[in-house]
Amino acid sequence: MIIISTSKYKSWRELHQLVSIFCWLFFLILSFSGLVLTFRPELSAMAQTHPIARMLMYVMHILHTHLALGSNASVGGYFLAGMFSLACVVMLVSGLVIYRPHALSCRAMREQARRTGRLSYRYLVTFLHQELSAMTAVWGILLCFSGAWIAAFFILIMSGSVSPQIMATGGAFGTGGMVLQVDTDAGLLMRLTQFMLAIHLHNHELFILRVLWAVWMLLFLVAAMLGMALLAKKRWGSTHTAVTDVSMRDDSWSVWFMPVAWGVLTLLGFVLPLFGYVGSMLAVLCLLLPFGLLGYELCRWH
């Protein structure tokens with residue numbers, strides 16, 4: 001049995017599904033290319049002697065920055081990459097809005113399984129999708145929003161609206177990074193852009209942080225693929241769906257404890273590395289703790 005809210009959550013659920021279908025392919029491109037680019041320092045070193053590694057970095061770079069649409073100076077590619085990044089933000093925010101009724105739905109399915117002694121495969125997929133999505137939601141929102149901000153800023157640069165000092169670090173073909181140099185009297189736009197570049201590119205300089213980033217990105221991708229599998233089953237499968245109003249079943253907001261804990265730890269994991277080595281080590285701890293909480297959640301619902 002699947003319980004779906006038919007009242008105030010219905011429009012948010014439909015928005016979540018529509019945006020998920022709309023940006024699914026581009027989400028995969030941006031996420032997978034970002035996963036590869038996480039190991040930019042290692043691949044940059046390999047690119048000096050291995051043409052395949054150099055080509056891989058180049059392909060991932062152009063896919064991630066402007067979807068390989070035109071040259072590096074092509075406004076259209078950056079616009080589409082930024083637009084789809086914002087669409088991913090909408091997908092994640094709408095998913096958070098409907099998290100509570102779906103968490104209560106899983107709770108009801110679990111209670112039914114305990115009575116009947118049968119735990120459905122769909123329940124397991126639904127539970128993993130909602131928990132992994134809640135765990136990586138703040139992670140994804142920060143990455144996607146900062147990416148969209150950076151894309152918009154580069155469009156302003158190419159259109160001549162702003163002329164900041166952009167410094168490239170490292171080699172060519174996307175094997176380096178970018179640093180925005182701002183004056184002490186820089187405006188709010190420049191300061192925010194500097195911060196967005198920092199959290200998108202320069203807060204995982206330790207190797208262990210890059211490994212953790214890759215693991216989180218994989219979880220992000222798994223959550224999305226499970227969601228699309230559920231949506232495909234709903235659209236074209238034959239599973240019976242029982243519809244009811246979840247908001248009438250339970251007024252408890254305890255389901256938000258884990259998502260809030262995951263979100264706070266993720267936020268700290270993004271920001272702390274900007275404060276040096278000690279901050280980076282604390283960020284490692286912040287990005288590891290959610291896995292312990294996830295394990296506890298899985299054991300509690302098993």
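Contact is taken here as heavy atoms within 4.5 Å. By that criterion, residues 24 or more positions apart account for 76% of the contacts in the protein chain with a separation of 6 or more. The structure is a predicted model, in which local features need pLDDT of at least 70 and side-chain atom pairs count only at pLDDT 80 or more, while totals for chains, interfaces and linings use all residues. Residues are numbered from 1 along each chain as its sequence is written, and side-chain values use heavy atoms, with hydrogens and water left out.

The protein chain contains 10 helices and two strands, where helices (H or I, at least four residues) and strands (E, at least two) are DSSP runs numbered from the N terminus. Their order along the sequence is α-α-α-α-α-α-β-β-α-α-α-α. Of the 302 residues in the protein chain, 47% are buried; buried denotes under 20% relative accessible area, exposed over 50%, and partly exposed in between (1.4 Å probe, protein chains only).

Helix 6 (residues 121–159) and helix 9 (residues 257–271) have axes that come within 9 Å and cross at roughly 35°. Axes are lines fitted to C-alpha atoms, for helices over the stretch in contact, with angles from 0 to 180 degrees between N-to-C directions. The crossing of helix 6 with helix 9 is right-handed, the near helix being turned clockwise from the far one by less than a right angle. On the helix 6 side, E131, A134, M135, V138, W139, L142 and L143 take part, and they meet P259, W262, G263, T266, L267 and F270 of helix 9. This contact comprises 10 nonpolar, two polar and one charged residues, with Ala, Val, Leu, Ile, Met, Phe, Trp, Tyr, Cys and Pro counted as nonpolar, Asp, Glu, Lys and Arg as charged, and the others, Gly among them, as polar.

One salt bridge is present, defined as a side-chain nitrogen of Lys or Arg within 4 Å of a carboxyl oxygen of Asp or Glu. The partners are E42 and R210, with the closest N and O atoms 2.5 Å apart. The pair joins distant parts of the chain, E42 lying in helix 2 (residues 40–47) and R210 in helix 8 (residues 207–236), 168 residues apart. E42 is partly exposed at 26% relative accessible area, whereas R210 is buried at 6%.

Zero disulfides were found in the whole structure, the criterion being a pair of cysteine sulfur atoms within 2.5 Å. For C88, the closest cysteine sulfur is that of C23 at 4.0 Å, too far for a bond. For C144, the closest is that of C88 at 4.6 Å, also too far for a bond. C88 is buried, with a relative accessible area of 2%, and C144 is buried at 10%.
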